[in-house]
Amino acid sequence: MAKRRAGWRPDRLREMREAHGLTLERAGERLREVARATGIAEPAANFQTLWQHEQGEVYPGPQYRRAYCLLYRATEPELGFRNALPDEATLMKLTPSSEPYNGAHVLAVERALSQIAPGTTDSDGQGVQQRIIDAWKRRHTGGDPNRPTLLMVGGYAGSGKSEFSRFISQLTGWPVLDKDPITRPLVERLLVEMGSDPHDRHSALYREQVRPLEYQCLLETAYANVDCSISTVLTAPFVSEVTDVRWMRRLTNRCEARGVSVAVVWIQCDLETMHEYISFRSAARDSWKLQNWDDYAATIDSELRPAVPHLIVDNRLGAAISLTDQVRQVFGTVF
């Protein structure tokens, strides 16, 4: 039997499948179809694996859980994968519509964006949510009345920040600048030239000599958009940066001088979910983390928060990403 997870009820998967009139083979076909249609990693979904999920022999991995939620239009707690978090939205009973901006779709967006909660009393949570909603509504109708926004999305590796950033970009049309794809080729070549492993992200050499240049490249790319007053979603761990008040003040001052607002979003996540996400993506740069997980985990402060006004997205147990998947499906081809 697989390791028991808090709140795991394997029998609910079978009940949901039977309620939809699906055999194990047909459920597997549907899981692959919904994964392809929504652009998430496609699971093998053979009937033996689905049977193991339903019998509690194997706990479904992240790609399976996402596909199950999309197939059955349900959340992870509803499907018995885990207990619900406090105040977590667990009901998503919306039906796709050919009308792109009807009331149900606005409600879906508002529910998803309600995840962006104030992390400090002086953060403008509702203002940021409204700018995103306005940008979504107006991206096809000629403009956004709000000031341009630099939305900084930070969090530890595997917390879900890249996935959440892409979701915001799909809503608003704002470009995403993600540190890894922007800087990885240069970082890997530089590390090799300096006699290190191209996938080194943990040594003093990387932290002291390479990381500052990596972030400088990312910020210079962002400033190119800021200088043109283009709203942008900027995503990287930002663990050191958002806890440095002076660094954040310099960034904010430069943006404000060009009429661009800065909003910091911190993705909160638990160690088990981060480990699962990192394992699933199988990136070479994560090899050291996975091979030395206890040492790496000791460097993570789950209570860390930015030292400036910020917003929080609670992605513990993958809750936020599960909800964004639900909203994507509600919208269908609207994105």
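**First stop: a loop residue**

Select Gln115, which is found in the loop between α5 (103-113) and β1 (116-118); helices (H or I, at least four residues) and strands (E, at least two) are DSSP runs, numbered from the N terminus. The model is a predicted one, in which local features need pLDDT of at least 70, side-chain atom pairs count only at pLDDT 80 or more, and totals for chains, interfaces and linings use all residues. Residues are numbered from 1 along each chain as its sequence is written, and side-chain values use heavy atoms, with hydrogens and water left out.

Is Gln115 buried or exposed? Gln115 counts as buried because its relative accessibility is 13%, where buried means under 20% relative accessible area, exposed over 50%, and partly exposed in between (1.4 Å probe, protein chains only). Its side chain reaches the backbone oxygen of Ala112 at 2.6 Å. Now display the surroundings of Gln115: residues up to four places away in sequence aside, it touches Phe164, Ile312, Val313, Asp314, Ala319, Ala320, Leu323 and Thr324. Contact here means heavy atoms within 4.5 Å.

**The whole chain**

Of its 335 residues, buried residues make up 50%. Among the contacts in the chain with a separation of 6 or more, 71% are accounted for by residues 24 or more positions apart.

**Helix α8**

Next, select Lys179, which lies in helix α8 (residues 179-193). Lys179 has a relative accessible area of 5% and is therefore buried. A polar contact of 3.0 Å joins its side chain to that of Asp180. Such a contact is a pair of N or O atoms within 3.5 Å; within protein, one must be able to donate a hydrogen and the other to accept it, and residues adjacent in sequence count only if both atoms are side-chain atoms. Apart from residues up to four places away in sequence, Lys179 touches Arg184, Tyr206, Glu214, Tyr215, Leu218, Thr235, Ala236 and Pro237.

**Helix α11**

Move to helix α11 (residues 271-281) and select Phe280, which lies in this helix. With a relative accessible area of 37%, Phe280 is partly exposed. Which residues is Phe280 in contact with, leaving aside its neighbours within four places in sequence? They are Ala41, Pro62 and Gln63. Pro62 is 218 residues from Phe280 along the chain, yet their C-alpha atoms are separated by 7.5 Å.

Glu276 also lies in helix α11. Its relative accessible area is 17%, so Glu276 is buried. Residues up to four places away not counted, Glu276 touches Tyr59, Pro60, Gly61, Pro62 and Arg65. Draw a line from Glu276 to Gly318: the two are 42 residues apart in sequence and 9.9 Å apart in space, C-alpha to C-alpha.

**Two positive phi angles**

Most residues other than glycine have a negative phi. Select Ser229, in the loop between α9 (204-226) and β4 (232-235); its phi is near 55 degrees, a positive value in a residue other than glycine. Ser229 is partly exposed, with a relative accessible area of 36%.

Then select Leu317, found in the loop between β6 (311-314) and α14 (319-331). Phi of Leu317 is positive, near 60 degrees. At 31% relative accessibility, this residue counts as partly exposed.

**Cavities and cysteines**

The structure holds three cavities of 30 Å³ or more. On a 1 Å grid over the protein atoms alone, a cavity is a set of points where a 1.4 Å probe fits but cannot get out, and lining residues have an atom within 4 Å of a point. Grid points are joined across faces, edges and corners, and a volume is the space filled by probe spheres set on the points. About 60 Å³ of space lies in the largest cavity.

To view its lining, select Tyr156, Ser159, Trp266, Ile267, Gln268, Cys269, Met274, Ile300, Asp301, Ser302 and Arg305. Strand β5 (residues 261-268) gives the most to this lining, with three residues.

Finally, select Cys269, which is buried at 8% relative accessibility, and Cys255, which is buried at 0%. A search of the whole structure finds zero disulfides, a disulfide being a pair of cysteine sulfur atoms within 2.5 Å.

Conventions. On a 1 Å grid over the protein atoms alone, a cavity is a set of points where a 1.4 Å probe fits but cannot get out, and a pocket is an open set with protein on both sides within 12 Å along at least five of seven lines; lining residues have an atom within 4 Å of a point.
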